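Subject: Structure for you to look at

Hello,

Here is the structure we talked about, with its sequence. My notes follow below it.

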Amino acid sequence: MNILLLGGGGREHALAWKLAQSRLLADGGRLFAAPGNPGIAQHAELVILDVTDHAAITAFCAAEAVGLVVVGPEAPLVNGLADTLRDAGVPVFGPSKAAAQLEGSKGFTKDLCARHTIPTAGYVRVESVADALAALDRFAAPFVLKADGLAAGKGVVIAETRADAEAAIPDMLADEGAALVIEEFMHGEEASLFAITDGTTILTFGSAQDHKRVGDGDTGPNTGGMGAYSPARVLTAELEAEAMERILRPTVAAMAAEGMPYSGVLYAGLMLTDEGPKLVEYNCRFGDPECQVLMPRLQGDLGEYLLASALGRLADLPPPAFAPDPALTVVLAANGYPATPEKGGPIGGIDTAEATGALVFHAGTAIDGEGRLVAAGGRVLNVTASGPDVRHAQMTAYRAVDAIDFPTGFCRRDIGWREVAREG
């Protein structure tokens, strides 16, 4: 079978690395990727396709007899690419445009939770500055402000005071058609739980915790993620089962009942409160950088699970197995990230880093006119390692990080600190 992977970040490199090991590619099957990156090129044939050009992607699938399309990022799903491919008879891993509203609209998800009694924070949806300012009376500080649409993981403001909230609201509603969700602040520790579903069957697919803030000690602005580790041991087997039964399974059932069956990966951000797990938000794709710690732990055939999801056959497969040893990834970012990252900085030493036993997944990299590997984005590399505990995985990852020559880059030096502290 031929497979097409869409995307070009660290998440997609991790997926390409795992898909390249799939039995689906036996007997001459080919793995294509668009647009890919220099790291993905080690595992897949890079092709020039615009992920917004549905007709071109459909034509490529027909010409190359593609039997499965795996959509990495969220924007093509929210824009309906999966619908176009399914209409053309191409199996695709990822939800329809209607179902992808679970990520594409925070307000849609909150309303769905309200209709089906799915545990989440209290909220209000607003579309004007006046309504937003008035709605603040219904909440206590700190105030949680969320852009309703896609924001690449950076559309959330936690305002410690009312004055901070009042200052942030006009900017968040400045664009025409913008909407805002204001939520109560939930106390607890956050964790991510993943599942894959075909709209009927749902299987858990690992857990993780990430580090959103740019600086050590969880300081500075939010980013797309500066590192992660898996599993999230704070999400015990009992809490995971509770989250599945009270949050994820009811969501899949609700989407089907409302005529929007959801298939693909369901990524639930959870707050572990004193009242039990509550939903923070859903994403309709694998997390980035969470995917970079899930894939090394996955012991089964990724391709078979993704194809079963696309074809509605997940009930035929056993629950996926994950290695017990934790994995941890450190993001190397370009100086200036998350504001204006410095591009073009040369990168060396990746072979030396991988010789330590780590995996290096490319995110924002490119080959320049002189044939050098250079930074081409904000988050540039993901250095991933495993170990008998998080402390050892952390030590191995940072040993590999220190082997990389990236003078215009930086990283946090405390990824995994919560779990390391718990390990003692």
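Ring pairs join Phe-93, Phe-194, Phe-205, Tyr-267, Phe-286, Tyr-305 and Phe-322 into a cluster. Rings of Phe, Tyr and Trp (its six-membered ring) pair if their centres lie within 6.5 Å; planes under 30 degrees apart count as stacked, over 60 as edge-to-face and the rest as tilted. The search of the whole structure gives 8 aromatic pairs. In one of them, the ring centres of Phe-205 and Phe-322 are 5.5 Å apart and the planes stand at 90°, so this pair is edge-to-face. It links distant parts of the chain, 117 residues apart: Phe-205 lies in strand β11, and Phe-322 in the loop between α11 (302-311) and β17 (327-334). Helices (H or I, at least four residues) and strands (E, at least two) are DSSP runs, numbered from the N terminus.

Phe-205 counts as buried because its relative accessibility is 0%; Phe-322, at 17%, counts as buried too. Buried means under 20% relative accessible area, exposed over 50%, and partly exposed in between (1.4 Å probe, protein chains only).

A note on provenance: this is a predicted model, in which local features need pLDDT of at least 70 and side-chain atom pairs count only at pLDDT 80 or more, while totals for chains, interfaces and linings use all residues. Residues are numbered from 1 along each chain as its sequence is written, and side-chain values use heavy atoms, with hydrogens and water left out.

Next, helix α9. This helix (residues 237-257) bends by about 40° at Met-244 (the angle between axes fitted to the seven residues ending there and the seven starting there). Its buried residues are Ala-243, Met-244, Ile-247, Leu-248, Thr-251, Val-252, Ala-254 and Met-255. They pack against several elements, including α6 (106-116), β11 (202-210) and β15 (264-273). Just after α9, Gly-259 has a positive phi of about 80°.

The axes of α6 and α9 come within 11 Å and cross at roughly 95° (axes are lines fitted to C-alpha atoms, for helices over the stretch in contact, with angles from 0 to 180 degrees between N-to-C directions). The two helices, α6 and α9, are therefore roughly perpendicular (under 35 degrees counts as roughly parallel, over 145 as roughly antiparallel, 65 to 115 as roughly perpendicular and the rest as oblique). Phe-108, Leu-112 and His-116 of α6 meet Thr-251, Ala-254 and Met-255 of α9, contact being heavy atoms within 4.5 Å.

Last, Glu-12 sits in helix α1 (residues 10-19) and is buried, at 2% relative accessible area.

Regards
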